[in-house]
Amino acid sequence: MRLPKPQMLQQPQQRKALLRAKAGEVAESGFVALDRRLPATFMGRQLLRKAFPDHWSFLLGEIALYSFVVLVLTGVYLTLFFDPSMTEAAYHGAYAPLRGLRMTQAYSSTLDISFDVRGGLLMRQVHHWAALLFIAAIGVHMLRIFFTGAFRRPREVNWIVGVTLFLLGLLEGFCGYSLPDDLLSGTGLRTADTIISSLPLVGTYLSFFVFRGQFPGHALIPRLYIVHVLLVPGLLVVLVTAHLFLIVYLKHTQWSTPGRTNRNVVGKPMFPQFTTKSSGFFFMVFGVLGALGALAQINPIWAYGPYRADQVTTDAQPDWYVGFLEGALRLMPPAETNVAGHTFMWNVLLPAVVLPGVLFLLLFTYPFFEKWVSNERSEHHLCDRPRDRPTRTGFGVAAIVCYGVLLLAGGNDVIAYTFRISVNGLTWVLRVAVIVAPLIAFFITKRICLALQARDRELLTEGKETGLIRQEIYGKFLENNRPLPADDRYRILVRDIPKPLRAKGEASRAARLRSTLSSWYYRDRVEMPITTEQRAQIAARTAPPELEASE
């Protein structure tokens with residue numbers, strides 16, 4: 001057998017080495033050219049040095065981000081086949097029960113996507129599940145930020161960006177939900193028309209402008225399509241980018257554990273730890289949404305039929321994120337006022353316009369309200385334990401309970417039919433519950449937080465139970481307790497709770513009001529047993545970063 005010559009063995013290896021060296025030169029020259037025009041080196045160094053948190057609660061924001069990526073990918077695919085026209089024609093597609101029925105091109109193309117386009121139904125359902133997950137992840141992420149106080153200085157602007165993202169997510173979800181022009185989504189549009197018309201003085205004019213005539217008109221679906229695929233997604237991309245930039249610039253908050261203070265940031269570097277973990281988490285989110293789209297049916301529009309303005313059905317509820325508006329409309333008693341020929345429909349205006357307006361006004365302004373009440377001007381980078389802020393935690397739980405009652409009210413007809421009870425009786429029970437239940441939840445939550453603080457004090461003074469009992473020589477039984485671990489003691493002791501403000505002398509009404517609110521907000525607490533030395537150490541760990549520069 002003839003052996004190959006040495007140069008024949010070296011040629012492929014030399015060729016690979018030359019190609020590798022050439023690729024390196026091209027990459028280096030391209031990066032140099034890019035760095036001359038853009039701050040690539042600076043931004044790359046800052047991004048690679050970014051410390052990312054490793055606590056599970058910080059993954060909620062990543063779920064929202066990755067579900068938004070899935071929304072964009074599936075939405076681009078659906079856009080290729082959807083026709084937003086409201087021109088009516090007879091249906092001759094694959095779904096036999098609806099053949100020959102007149103319907104809009106929007107509804108017909110949605111049926112075609114579901115039954116004729118390869119993978120269309122899967123993409124529709126993944127898109128819908130991703131939309132629900134996107135809004136849910138934003139909502140739960142905002143709750144995490146609220147309960148831990150991560151909205152305080154210097155992150156007030158990022159909180160406002162997050163609330164705006166949530167508001168735009170609601171608008172985007174409603175627009176996409178309405179595009180198929182089926183009977184269920186058309187009923188929602190009829191409700192939207194009623195809400196718009198309830199606005200005093202300008203309601204009817206605004207309704208004619210939106211629908212380009214009387215409801216349902218022939219222009220709404222194309223307009224919603226533009227809003228859904230162009231306007232709101234563009235704003236979402238801009239705000240998500242701004243949100244991520246602010247997170248990188250301001251750094252993340254962190255839980256109070258040894259080594260973590262108000263002056264440093266501890267976490268995993270972006271590469272390779274965070275990049276590897278985050279990539280795997282993205283594929284997990286994508287896989288779960290793919291499994292839901294393949295196995296869990298959602299929004300079967302063929303079961304509802306095309307929208308007709310003279311038809312409506314029971315069991316017609318919107319997606320959960322606007323279900324509280326449906327519930328508020330159902331709970332509000334009928335009330336109208338006629339002033340100078342103008343009718344004020346309070347039964348629509350108050351629950352569907354004033355209620356969400358007040359809700360988002362409170363969300364936008366809450367960081368500034370708490371800053372005003374506490375007079376805190378320094379930066380905060382340590383997360384609050386919810387038990388250490390009982391009033392704020394009580395407010396959050398009360399809001400969740402109120403939302404839950406309104407969501408139940410949005411399905412009062414289904415609940416009454418399922419349990420064979422009176423719809424009117426159930427409505428009155430929910431009317432009382434929407435006022436009483438949040439108050440009860442607030443006081444119970446506040447007492448639980450104070451009880452947990454008292455439990456922390458007991459653990460600090462008596463230690464942790466071991467489950468063992470010893471007997472003295474005189475017959476007395478004693479429990480065997482062990483001191484708390486250092487991590488637990490650090491988490492309990494290192495906390496920053498402001499003292500209530502007190503008005504001095506002849507203060508103004510605003511100052512007295514501020515003092516009263518501050519006292520009500522922060523007077524209830526359980527003081528921990530600490531020495532003077534420990535108090536000084538806690539003050540050093542919770543001191544704001546700006547003091548470090550002055551020292």
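**View 1. R190 is partly exposed at 34% relative accessibility, and R190 pairs with D193 in a salt bridge.** D193 is buried, with a relative accessible area of 8%. Buried means under 20% relative accessible area, exposed over 50%, and partly exposed in between (1.4 Å probe, protein chains only). Both residues belong to helix α7 (residues 183-197), where 3 residues, or about one helical turn, separate them. Helices (H or I, at least four residues) and strands (E, at least two) are DSSP runs numbered from the N terminus. The model is predicted: local features need pLDDT of at least 70 and side-chain atom pairs pLDDT 80 or more, while totals for chains, interfaces and linings use all residues. Residues are numbered from 1 along each chain as its sequence is written, and side-chain values use heavy atoms, without hydrogens and water.

**View 2. A salt bridge joins E88 and R102.** The N to O distance is 3.9 Å. E88 is in strand β2 (residues 88-90) and R102 in strand β3 (residues 102-104), so the contact ties together parts 14 residues apart in sequence. Both side chains are partly exposed, E88 at 38% relative accessibility and R102 at 44%.

**View 3. R385 and D456 form a salt bridge with closest N and O atoms 3.1 Å apart.** R385 sits in the loop between α12 (346-374) and α13 (390-409), and D456 in helix α15 (residues 423-462), 71 residues away in the chain. Both R385 and D456 are buried.

**View 4. Salt bridges link R152, E370, E376, D384, R389 and R392 in a network.** The whole structure contains 21 salt bridges.

Note on methods: A salt bridge is a side-chain nitrogen of Lys or Arg within 4 Å of a carboxyl oxygen of Asp or Glu.
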